[in-house]
Amino acid sequence: QINFNHVLLTLKPKDWAGEPFVCVTTHLKAKATAENEQIRSKQITALLTKVTGFAREHNAGERILLCGDFNCDPFDIYKTEGGQRELDYRAICVPHIEESFPNICSAYPLMYAAENADAENSDKWLWTTWKRRTESGEIKHSIDYIYYDKNNFKCTQILLPPDSESVLEHRLPCYKYPSDHISIVADFDFI
């Protein structure tokens, strides 16, 4: 099943003399499992094919902003059982985006070393969701993304996640942050 929601459009600022650019946002399959990572990989492959054709059709070239809730980490997922840390499943979706579009990069720094993605080091990387779930415990990780073509855009600033102290003990959602995801925002200049 590769059904998924997405919005795909071309934009051209009034004061911009250059060609239009493509902006796409999507929501991929939820739940962190190897099977769902395979589904997300198929979804992103279908979307990237569609984006490429759409950009060509609208004279946007590689001027692309790709955003969304991809519901996956940018790195391989490990689990700890009986004091042993072992690979649960390989990250496919995010690496596939970067392989498919060599000039695309994330507005938010991504950390691919799984050893940095544990609770002890969580303040050293940016997160977009922080939840407590009965079945999986506390989860703090990046699953939302803003990608841009570095040959056509320059990311000038991003909105950082809230300080850990400002997030309530039961995590997200809460009255201060009413979604289980924080807002991610990036400012860009045209190159």
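Which residue forms a salt bridge with Asp 180? The partner is Lys 131, and the closest N and O atoms of the two are 3.2 Å apart, where a salt bridge is a side-chain nitrogen of Lys or Arg within 4 Å of a carboxyl oxygen of Asp or Glu. The pair links distant parts of the chain, with Asp 180 in the loop between strands E10 (153–158) and E11 (186–190) and Lys 131 in strand E7, 49 residues apart; helices (H or I, at least four residues) and strands (E, at least two) are DSSP runs, numbered from the N terminus.

Before I continue, this is a predicted model, in which local features need pLDDT of at least 70 and side-chain atom pairs count only at pLDDT 80 or more, while totals for chains, interfaces and linings use all residues. Residues are numbered from 1 along each chain as its sequence is written, and side-chain values use heavy atoms, with hydrogens and water left out.

As for accessibility, buried means under 20% relative accessible area, exposed over 50%, and partly exposed in between (1.4 Å probe, protein chains only). Lys 131, at 13%, is therefore buried, whereas Asp 180, at 21%, is partly exposed.

Arg 171 forms a salt bridge with Glu 138, again with a closest N and O separation of 3.2 Å. Arg 171 lies in the loop between E10 and E11 and Glu 138 in strand E8, so the pair ties together parts 33 residues apart in sequence. Salt bridges that share partners join these two residues and Arg 132 into one network.
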